Every structure is written in structure tokens, then in C-alpha cells.
Amino acid sequence: MSVSDNKATLEKSPARIWHDLYQLRHVREVNVLIAMLIVGALISLWTPYFLTTNNLMGVFRAFSLTAIMSIGMVMVIVTGGIDLSVGSAMGLASLVTALCFGAGYSTGASIGVGIAVGIVFGLSNGLLITAIGLPPFIATLGTLSIGRGMMYMVTRGVPVTPETPDAFSLLGQGYVGPVPVPVVIMLILMVLFALIMKRTRFGRHVYATGGNEQAARLSGVKTNRVKLAVYMLSSTIASLAGIIGFSRYLTAEPASGFGSELDVIAAAAIGGASLAGGVGSVTGAVIGAALVGVIANGVVLLNINTYAQQAITGGVILIAVSLDVLRNKLTGGNG
């Protein structure tokens, strides 16, 4: 390459950089991240406490469990399904882990049984949907009710607070430097499953199943196996979140996880996942959970009526999804 060519390349590079930055407007995750930064900036203008290290770490810890569960949820949504049972899987795993500790099980065994609860939940959902043919909404609504009923039957409305080893509490209460352990787990899972969804055959099959299930099946994708796998992953990840939550509070509440499925679905939807299937990302879901967490923290810091939080979150969901729909219409569905 000649000197003149090098000079031309250097002269064009700023334009290329601006062009690349402009093209980022089509990336859903970037749009949600910008929205979160704007909301955070507005909150920080009204209160000096938002940008403190303690508050920010508290925000990260608060939304970490929702973010963890949204990782599994977004994979289900990409296939064109929905999982309403994640809250029950989370709560039941927390309860079973507590009961195992109470019965004298070791830490490893107690966590293992709690994870098994999630596997059974996901397997049940997957088989109801793929083998019997129930719509995902009905199948997971049924297992949600079954799980919730089992929790109240076992506890009779009384929290379970067993003796646990000190090391177990580090899972929910510990820190790696200034960063809470649940946040570290969230980041590890986000990177792991983002790579799985983008770089592996399984990830491509998940998107293919949600994009056009019939075409995917004709091209050799075992769509029923894909669906079974994502429902099992969703419930298993939710059970892990339940165990982390129990480790933080060291008590299993009968209402643990109640309503959390709505926050998880909201995080995925705000993060750009399409409920029609075929579109969504792990990173977007985690950023969506972060946005919801920032809003919740702002409600507290600004002394806004806490009952308004759900209304505000609902409004954010409607705005985020509406903007995404409008953007797809304007770009012909190619954005």
C-alpha cells in the first residue's frame, strides 16, 4: 500500500468511526443501555446518593437475581415460548434447599437437591409442551400453580429458617472485592450463555426454532429437543437464583419468588426479546433487568410512592416494546 493510500485511509477513519457508531442505533442492547444511562443520569440530578459506590453495588445486588432468571427466560422467549413458572421454581428450590439443611444434609447435597427441583420443573414444562402439545402459557401456568401450592402445603405459611454453615452464606452475602458474589455469578452466566447463543450450534438452533419452526424442522433441527432444553435451562437457572436468595436471607419464605416471573419477562422484553420468537439476546435481557433495577432504586431514593413502581415499570415495558415495533415497521423488519 502506497503512502497516499495510507493517508487516505487515515483521513477516512474518523468518518468510518462515526458511521460505525451511527449503525449501533440498530443494536437493541445499545438502545436499552442508553436508556438506562439516561434514567440513571436523571436520578443522579435529583439525588446525590444514586452514584455512591454502596448504592450502586446495592442496585446490582438487588437486580442480580432477576437478571440471572432472565438469562433462562430469554432463551425460552426466543423459541417462541414463555415460562410463567420461574417464580415457583425459584421459591420451591429455595424451600427444598432449606429443608435439606434442616434435615442435616451437607451443603453440596442441599444445593444439589435444590438444583434438581429446577431440572424437574423444566422437564415437566418441556414434556407438557413438546410431548402433549400444550401451549406454553397453559403448561407453565399450571406448573406455577402446582409449585406455589406445594410450597404452602409444606410450610403452612410459616418461614423455614434452618441452621446453615457460614460458608454457604457467602453465596448470597459475600463479596469479591467490592462486588457482591450474586453479581459475579450473574456476569459469569451472562458471558457463558451469550457465547452459547451466538457461537454454538445449539444457539443457532434456538434462534431457528423461534424464527420459523417448520423451516427449522425441515432443515434438520430437532425443534422439540431444543424446546425441552431451553425450558430445563430456564427452570434450572431459576432454581439457582432461589438458592442464592436463600443464602442471602437464610430463610425460605412461603411466598418466595411470588410475582418474580413478571419482572423476569419484563427484563427480557425491555431488553429487546420479541414474544413472537426468533429475536432476543442474553445481554439485552440482563441490561433490561438493570434498567428495571435502576428505576426501582430511583423510586426509593426520590421518595416516590413504592406502589407506583409497578406502574412505572409497566410504562417502560410498553414504551420499549412499542418503540421496537415502530422501528421494525420503519426499517421493514430488518432492524
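Reader: How do helix α4 and helix α5 pack?
Author: Helix α4 (residues 86-102) and helix α5 (residues 107-132) pack at an angle of about 150°, and their axes are 8 Å apart. Helices here are DSSP runs of H or I with at least four residues, strands are E runs of at least two, and both are numbered from the N terminus. Axes are lines fitted to C-alpha atoms, for helices over the stretch in contact, and angles run from 0 to 180 degrees between N-to-C directions.

Reader: Are α4 and α5 roughly parallel or antiparallel?
Author: Roughly antiparallel. Angles under 35 degrees count as roughly parallel, over 145 as roughly antiparallel, 65 to 115 as roughly perpendicular, and the rest as oblique.

Reader: Before we go on, where does the model come from?
Author: It is a predicted model, where local features need pLDDT of at least 70 and side-chain atom pairs count only at pLDDT 80 or more, while totals for chains, interfaces and linings use all residues. Residues are numbered from 1 along each chain as its sequence is written, and side-chain values use heavy atoms, with hydrogens and water left out.

Reader: Thanks! Which residues meet between α4 and α5?
Author: From α4, S88, A89, L92, A93, V96, T97, C100 and F101 meet T107, S110, V113, G114, V117 and F121 of α5. Contact means heavy atoms within 4.5 Å. By class, that contact has nine nonpolar, five polar and no charged residues. Ala, Val, Leu, Ile, Met, Phe, Trp, Tyr, Cys and Pro count as nonpolar, Asp, Glu, Lys and Arg as charged, and the others, Gly among them, as polar.

Reader: Switching topic: how do α9 and α11 cross?
Author: The axes of α9 (residues 201-211) and α11 (residues 223-249) come within 10 Å and cross at roughly 105°, so α9 and α11 are roughly perpendicular to each other. On the α9 side the contact is made by F202, H205, V206 and T209, and on the α11 side by T223, V226, K227, A229, V230 and L233.

Reader: Nice. Which residues have the most contacts inside the largest nonpolar core?
Author: I68, I71, V74 and V282, in a core of 77 residues. Helix α3 (residues 53-78) gives the most to this core, with 13 residues. A nonpolar core is a set of buried Ala, Val, Leu, Ile, Met, Phe, Trp, Tyr and Cys residues joined through side-chain atoms within 4.5 Å.

Reader: What does V74 touch?
Author: Not counting residues up to four places away in sequence, V74 touches A268, A273, G280, S281, V282 and A285.

Reader: Last one: how many helices and strands does the chain have?
Author: The protein chain has 14 helices and two strands. Of its 335 residues, 44% count as buried.

Technical notes: Buried < 20%, exposed > 50% of the residue type's maximum accessible area, 1.4 Å probe, protein only.
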